[in-house]
Amino acid sequence: MIANSLSWNAVTGWSKPITALPSSASLLLCFGSADLLTSPEGPAAELRRHFPGAVAAACSTAGEICDSTVSDDGLTALVLGFDRTRVRGVCATVRGSSDSAQAGAEIGRGLLDPELRHVLVLSDGLLINGSALTAGLRGALPADVAATGGLAGDGARFQRTVVGLGEKIAAGLVVGIGFYGPSFRAVYGSAGGWQAFGPKRRVTSAEANILYTLDDKPALALYKRYLGELAVDLPGSGLLFPLQLLSGAAGESGLVRTILAVDEKSQSLTFAGDLPVGHYVRLMKAGTDALVDGARAAAASPASRSISGMAAAILVSCVGRKLVLGQRVEEEVEAVLHQLGAGVAAAGFYSYGEICPGSVSNSCELHNQTMTLTIIGEDV
Amino acid sequence: MNSLLQRQLRRIETDRPADPWVELLKATSATYDELERDRRHLEHTLAVVSDELNEANELLRSEAESQLRQLNSYYRETLEGQQGMILCFREEAGDFVHTLCRGQLARRLGWTADKVEGKLLDDFLPKETAALLRSAYRRAWSGEECTFEGESADGKISYLALLQPRPGREAAKEAILSAVEITDRKRVESELREAKERAESADRAKSEFLAVMSHEIRTPLNAILGFTGLLLESCKEPSQQLWIKTIDQSGQVLNALIKDILDFSKIEAGQLDLRPEPIALAEVMQSVVGLFRPTAAEKGLTLDLWLDPSLPPVILADPLRLRQILTNLLANAVKFTRAGTISAGAILTRPAEIEGRPPELAILIRDSGIGIPDSVRGSLFKPFTQADSSTTRKYGGTGLGLAISRRLARAMGGDLDYTSEAGRGTLFTFTLPAIAAPVLEKTAAGEPGASLPDLSKVRVLVAEDNPSNRLLITTLLGKVGVVPSVVSDGQAAIKAAVQSAYDLILMDVQMPLIDGLAATRAIRAALPRSRLRIVALTAGVLPEQRMDCLEAGMDAVLGKPILFAEVLRELAIAAGPLVFGAAV
């Protein structure tokens with residue numbers, strides 16, 4: 001198996017000459033700005049043309065990761081060639097969040113095969129309800145097949161995300177890549193580093209992933225109060241305070257939910273996952289060190305289960321983390337790579353939601369504000 | 001070097017910008033901005049969190065306070081709204097101070113919270129009431145649960161209080177008084193008491209009425225029977241003798257009726273006065289049976305008497321009442337039997353005490369008469385009842401006899417019951433405790449008249465307002481040669497008694513001017529050392545009337561109708577021991 005990570009920016013172009021890469025690659029993963037991905041003459045198109053036989057998947061980001069470097073408005077690619085593993089991609093369309101579960105199910109069913117070992121999911125980041133998407137996937141996939149991946153990003157702008165398979169790159173798509181064959185191995189991990197603070201609040205009015213009130217007060221007002229002068233940067237600045245969805249009134253832990261959008265008119269917030277009425281939530285916050293520690297923890301578990309022939313790592317981290325970490329964002333990537341050791345090609349992106357097995361399911365579920373990584377390889 | 005600066009330098013190296021310094025400075029400036037932003041954000045977050053915590057705190061406090069207020073007012077309203085009264089107190093410097101006083105009853109009593117709470121008993125109660133309540137407080141304070149009944153100052157409200165040490169606290173830190181109003185209950189009690197008093201007074205009135213009536217009836221009856229007796233002795237004309245006997249028998253029936261009525265009313269009023277004494281049962285039975293032999297013989301009936309030899313010879317019983325019952329049963333047996341046999345007997349049914357019940361004997365009276373139908377079993381022992389109304393007409397009688405007999409038997413510790421078969425006869429069983437008594441010693445005092453001493457020397461004063469009775473007494477006395485002085489009222493009696501020396505005054509009780517009792521007292525006062533004997537002649541024979549006589553200073557009481565034998569006895573006693581031999 002071969003694995004190469006490379007990046008592109010407007011100033012320096014490709015970090016490695018693509019002609020030097022082996023043309024036998026079977027999978028091409030491109031993470032970058034929506035414009036670069038969709039431009040017919042852009043670097044992404046150039047890369048696809050160079051590997052015409054490969055399954056090519058693309059996903060817009062809120063920041064690209066290439067090995068230990070994090071950059072914006074560029075492109076990162078992972079070029080993978082397998083010896084004994086088949087790769088297949090499928091694509092589903094979503095017009096709105098209500099299509100999410102259906103899309104998840106379509107992807108799952110489309111990839112089904114006795115030899116299916118793992119699924120990589122890349123989804124539109126704004127039109128989708130990530131909880132429903134993963135629920136659909138779980139329903140369709142066999143229990144022993146996990147799905148990992150993430151939701152596409154759009155910087156801190158939250159305006160347009162694109163996902164693509166082959167030449168079809170657009171908003172409102174979900175792409176699934178299936179890995180087939182007994183030699184294929186995948187391990188994964190996910191961790192946050194956020195801490196809940198302040199009082200528990202009850203979800204008093206919400207519809208699916210749209211939150212209206214907490215303790216009968218407008219949710220948006222609460223966020224604005226906490227953000228202070230940063231409120232003008234909503235919804236991006238809302239990432240500073242994800243919500244912890246507690247398992248019960250007495251619960252101390254639970255899923256993390258990230259803000260995707262705000263609506264001044266209804267004083268509502270749209271989150272990357274559902275917030276059921278009656279559940280309790282707490283605001284969360286994080287410092288640089290806590291996030292870096294979280295990323296390290298995410299890598300520690302899969303690294304300890306390292307597989308022979310481990311070759312590539314796909315990192316999906318949350319845009320909220322990037323916002324908090326600022327110029328130190330690369331520290332969390334470095335922490336992950338340090339855990340994995342040398343010789344692993346790493347690439348990934350900052351997302352609007354991470355997908356990985358978790359406490360609810362061994363198959364997959366939606367995470368927010370985490371560093372999620374998937375390490376793939378083939379038995380030697 | 002700072003790790004961030006290192007990273008920034010590395011980036012410049014990698015990106016190789018046209019002007020590295022400018023880029024480095026830009027990066028450094030961004031770092032400052034970021035740091036500044038983070039710091040402000042942190043401060044802001046801290047402030048908001050702090051504000052939120054304060055708000056939550058305030059909310060919690062105000063909610064807690066409001067809940068406390070609600071709870072407080074809930075308890076206060078409950079305490080004040082309940083009909084009773086709750087009062088708490090504790091000891092302080094030897095007295096008791098109140099910590100709580102609430103409830104509708106407290107308000108009605110005028111024990112409002114402001115008057116009572118924080119105050120001592122004397123601060124809101126009259127001294128006497130406070131003292132009473134204080135002693136109840138002391139008992140409660142010493143750990144003893146107790147009750148107290150009190151009333152408002154004007155007496156219009158009564159209450160019942162339960163006092164107890166406050167539970168669940170250390171030894172007597174406070175005690176609780178909980179009270180309910182019992183004014184209504186008190187009123188009902190008082191009404192009941194009044195009703196009872198009224199009933200008792202009505203009962204007394206009834207007894208008095210009976211006493212008066214019996215007196216009023218006995219007085220003329222006394223004359224009738226007395227003179228009838230005299231006439232019987234003197235009149236030898238056979239046809240007239242029959243008339244006189246009829247008058248005599250009717251008079252006796254009337255007399256028996258009055259006795260029955262008096263007896264029954266006494267029993268009903270619970271005034272039955274039993275005087276048990278040692279008696280020889282055999283003698284009593286022989287004597288009573290003997291009374292009925294002539295009548296039985298006249299009707300052609302056999303009258304047998306038998307006695308269980310194991311019976312104790314002498315038992316303890318009231319001879320008068322025993323005779324009364326026997327007489328009644330035998331009279332019935334003779335009355336309701338046309339032919340055949342009547343047998344009277346006694347057996348020992350329980351020789352010794354068993355399970356706390358004393359030895360018992362049964363007197364059995366069997367007849368072969370008309371019998372008693374089953375239909376009247378339930379009512380036979382009720383007053384004024386006979387087997388059927390036709391028998392009343394046929395056989396006469398008041399129907400009181402059996403009712404009285406059973407009541408007497410029960411009062412004596414026994415019972416009276418019967419078995420019967422209509423047309424075949426009846427067996428009455430009269431049980432009685434067979435309490436053995438020492439054998440009687442026969443006294444020398446024989447029957448008066450057996451050998452009459454000379455009584456003509458006895459000086460007698462008769463005080464009697466009724467002319468008929470006056471004449472009867474003087475006639476009777478005349479038969480033994482006594483010529484009495486006679487007066488017709490109490491005043492004259494006193495005068496005569498003081499002026500002349502008498503051995504015996506036969507004194508009527510109810511007389512004009514001064515009655516017999518007052519006269520007796522006056523005579524006793526005037527002649528303190530006299531051996532004069534004063535005997536009442538009265539139709540009033542109730543026990544209390546006898547008592548009145550004896551208390552007034554009389555020596556004996558003779559009931560009317562007067563029996564000649566009793567008068568003789570009194571004359572004999574008055575004649576003194578020389579004449580009669582033994583004191584009575």
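## Exercises on surface and burial

Helix α16 of chain B contains B:Glu544. The model is a predicted one.

**Exercise 1.** Determine whether B:Glu544 is buried, partly exposed or exposed, and identify the residues that form the negative surface patch.

*Solution.* 
- Step 1. The relative accessible area of B:Glu544 is 36%. Buried requires under 20% and exposed requires over 50%, so B:Glu544 is partly exposed.
- Step 2. The negative patch consists of B:Glu208, B:Glu544, B:Asp548 and B:Glu551.
- Step 3. The element that gives the most to the negative patch is helix α16 (residues 543-552) of chain B, with three residues.

**Exercise 2.** State which residues make the nonpolar surface patch and which helix supplies its largest share.

*Solution.* 
- Step 1. B:Phe209, B:Met213, B:Ile217 and B:Leu254 together make a nonpolar patch of about 340 Å².
- Step 2. Helix α7 (residues 183-234) of chain B provides the largest share, three residues. B:Phe209 belongs to helix α7 of chain B.
- Step 3. An α-helix has 3.6 residues a turn, so residues three or four places apart point the same way.

**Exercise 3.** Explain why helix α8 of chain A is described as largely enclosed by the rest of the structure, and say what follows the helix.

*Solution.* 
- Step 1. The buried residues of α8(A) are A:Glu330, A:Glu331, A:Glu332, A:Val333, A:Ala335, A:Val336, A:Leu337 and A:Leu340.
- Step 2. Eight of the 11 residues of helix α8 (residues 330-340) of chain A are therefore buried, and the helix is largely enclosed for that reason.
- Step 3. After α8(A) comes A:Gly341, with a positive phi near 85 degrees.

**Exercise 4.** Count the disulfides over all chains, and classify A:Cys66 and B:Cys549 as buried or exposed.

*Solution.* 
- Step 1. A disulfide requires a pair of cysteine sulfur atoms within 2.5 Å. By this rule, the count over all chains is zero.
- Step 2. A:Cys66 has a relative accessible area of 9% and is buried.
- Step 3. B:Cys549 has 2% relative accessibility and is likewise buried.

**Exercise 5.** Describe where A:Thr38 lies, how it is classed by accessibility, and what distance separates its C-alpha atom from that of A:Ala58.

*Solution.* 
- Step 1. A:Thr38 is part of helix α1 (residues 34-38) of chain A.
- Step 2. With 30% relative accessibility, A:Thr38 is partly exposed.
- Step 3. A:Thr38 and A:Ala58 are 20 residues apart along the chain, and 9.2 Å separates their C-alpha atoms.

Note on methods:
Residues are numbered from 1 along each chain as its sequence is written. Chains are lettered from A and ligands numbered from 1 in the order in which they are written. This is a predicted model: local features need pLDDT of at least 70, side-chain atom pairs count only at pLDDT 80 or more; totals for chains, interfaces and linings use all residues. Side-chain values use heavy atoms; hydrogens and water are left out. Patches are made of residues with over 30% relative accessible area and no salt bridge: like charges are joined within 9 Å, nonpolar side chains (Val, Leu, Ile, Met, Phe, Trp, Tyr) within 5 Å. Accessible areas come from the Shrake-Rupley method with a 1.4 Å probe; for residues, only the protein chains shown count as cover. A salt bridge is a side-chain nitrogen of Lys or Arg within 4 Å of a carboxyl oxygen of Asp or Glu. Lys and Arg count as positive and Asp and Glu as negative; His and the chain ends are not counted. The place of a charge is taken as NZ of Lys, CZ of Arg, CG of Asp or CD of Glu. Helices (H or I, at least four residues) and strands (E, at least two) are DSSP runs, numbered from the N terminus. Buried means under 20% relative accessible area, exposed over 50%, partly exposed in between (1.4 Å probe, protein chains only).
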